[in-house]
Amino acid sequence: MTESVFLTDDFGIKSNMWGGFRCNKGFLILFLVHVIAFQSFIYYQSYKWEELQDKLESIILEQRDVYGLTYSIIKRLEEHDAFTGNKREPVDEPTIYAITPTFARPVQKAELTRLSQTFLHVPNFHWILVEDAARKTKLVTHFLENSGLIYTHLAAATPPNYKLGRNDPNWKKPRGVEQRNAALRWLREYLKPTDKGIVFFADDDNTYSVQLFSEMVKIQKVGVWPVGLVGGLMVEKPICDNVTNKVIGFNAAWKPDRPFPLDMAGFAINLRLLLENPDAVFSYDVQGGYQESEILKQIVSRDELEPLADCCTKVYVWHTRTEPPQLNVEQLLIKKGKRSNLGIEV
């Protein structure tokens with residue numbers, strides 16, 4: 001009798017322990033499920049916030065572009081006495097659309113500043129600045145906002161397989177293709193065949209005389225001129241016949257057999273030709289140094305080129321590449337978690 005009671009009690013204790021264990025295990029599983037659900041919710045919210053933050057930042061940059069452009073237009077109108085009641089005779093000259101690809105590097109702002117100081121002196125000027133980036137950067141947005149120029153700000157990233165490596169020479173892969181084509185798309189989307197314009201590819205590492213832009217307004221199809229300090233020569237230029245005022249050859253030393261042996265800074269195109277030939281674009285599938293020929297062969301022939309700059313005897317543009325700065329001390333600071341430009345835009 002006594003033994004039976006003990007066995008019953010022992011079984012009851014084990015049953016209670018097992019029931020309690022099952023209860024605790026169920027509670028633990030339920031707790032872990034809630035923890036995982038909460039973490040997933042937090043992660044999702046963080047992801048959504050980052051996505052929202054990116055969108056807000058893009059919207060803010062777009063708004064700053066609008067503000068900067070509005071300010072520039074007002075300043076230009078003030079310069080032309082638009083708000084004083086003094087009427088000026090309208091100038092029937094084409095707008096010069098300068099297309100400039102640019103990319104982030106230590107000298108970027110310095111290069112763009114130098115260009116903008118020249119462009120400010122050019123009447124009827126519209127700067128199309130295209131960043132090699134997936135989205136517009138704060139630096140370039142702020143720069144344009146305060147430039148005083150009429151501008152369009154775009155961003156078009158070069159595909160990774162066409163980007164130059166850190167130690168690659170400039171000629172290894174075509175540069176500026178994506179950005180120039182993005183600018184051409186913008187022109188074709190927003191301008192009409194009746195709009196008067198000249199399109200010029202103004203790289204940000206060149207130096208331009210204001211006189212060059214005075215020459216461009218004469219262009220009927222494609223104008224050409226000499227470029228200083230390029231192609232291994234003091235000057236690379238079309239050869240002009242003084243009697244006929246026609247281009248009869250080129251003095252290019254680098255790949256002289258190109259269809260149009262010109263530098264990108266050595267020509268400009270009447271807007272009408274680009275609008276009439278919507279398929280005329282730059283291409284990745286050409287040899288190095290053939291980008292100029294690629295666009296020109298689609299819209300013009302050699303004998304249609306218009307020599308400018310006093311029959312190609314004057315130099316108004318120079319291929320002056322800025323020397324990369326020596327930042328070895330800055331690199332040491334960065335390794336220590338410091339920067340000389342902390343909180344300062346350079």
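Modeller: Glu189 is exposed, with a relative accessible area of 58%, where exposed means over 50%, buried under 20% and partly exposed anything in between, computed with a 1.4 Å probe on protein chains only. The model is a predicted one, so local features are reported only at pLDDT of at least 70 and side-chain atom pairs only at pLDDT 80 or more, while totals for chains, interfaces and linings use all residues. Residues are numbered from 1 along each chain as its sequence is written, and side-chain values rest on heavy atoms, with hydrogens and water left out.

Glu189 belongs to helix 4, and helices here are DSSP runs of H or I with at least four residues, strands being runs of E with at least two, both numbered from the N terminus. From Glu189 to Leu275 the C-alpha distance is 9.4 Å, although the two residues are 86 positions apart in sequence.

Helix 4 itself covers residues 177-190, which makes 14 residues, and its first and last C-alpha atoms lie 20 Å apart, close to the 20 Å expected at 1.5 Å a residue; the expected span is 1.5 Å times one less than the number of residues. An α-helix has 3.6 residues a turn, so residues three or four places apart point the same way. In contrast to the exposed Glu189, the buried residues of helix 4 are Val177, Gln179, Arg180, Asn181, Ala182, Ala183, Leu184, Trp186 and Leu187. The elements that cover these buried residues include strand 1 (95-102), strand 2 (125-131), strand 3 (151-155), strand 4 (197-201), helix 6 (271-276) and helix 7 (291-296), and a contact is counted when heavy atoms come within 4.5 Å.

On a 1 Å grid over the protein atoms alone, a pocket is an open set of points with protein on both sides within 12 Å along at least five of seven lines, whereas a cavity is a set where a 1.4 Å probe fits but cannot get out, and lining residues have an atom within 4 Å of a point. The largest pocket has a volume of about 1900 Å³, that is, the space filled by probe spheres set on grid points joined across faces, edges and corners. Its lining comprises 50 residues, of which Phe103, Leu164, Asn170, Arg175 and Asp205 lie nearest the centre. Strand 1, helix 4 and helix 7 are the elements that give two or more residues to this lining. By type, the lining divides into 16 nonpolar, 15 polar and 19 charged residues, with Ala, Val, Leu, Ile, Met, Phe, Trp, Tyr, Cys and Pro counted as nonpolar, Asp, Glu, Lys and Arg as charged, and the others, Gly among them, as polar.

Helix 6 leads on to Pro278, which sits in the loop between helix 6 and helix 7 and is exposed at 51% relative accessibility. Its C-alpha is 9.9 Å from that of Gln298, 20 residues away in sequence.

For the chain as a whole, there are nine helices and 13 strands, and 38% of its 346 residues count as buried. Of the contacts with a separation of 6 or more, 75% join residues 24 or more positions apart.

The structure holds one disulfide, a pair of cysteine sulfur atoms within 2.5 Å. It joins Cys240 to Cys311 with an S to S distance of 1.9 Å, and the link is left-handed, at -60° about the S-S bond. Cys240 in strand 9 (residues 238-241) and Cys311 in helix 8 (residues 309-312) are 71 residues apart, so that the pair links distant parts of the chain. Both Cys240 and Cys311 are buried. Cys312 is in no disulfide, the nearest cysteine sulfur being that of Cys240, 5.5 Å away. Cys312, in helix 8, is buried at 2% relative accessibility and has a positive phi of about 60° although it is not a glycine.

Leaving aside residues up to four places away in sequence, Cys240 touches Asn245, Lys246, Ile248, Pro307, Cys311 and Cys312. One of these, Asn245, lies in the loop between strand 9 and strand 10 (246-250), is partly exposed at 40% relative accessible area, and has a positive phi of about 55° without being a glycine.
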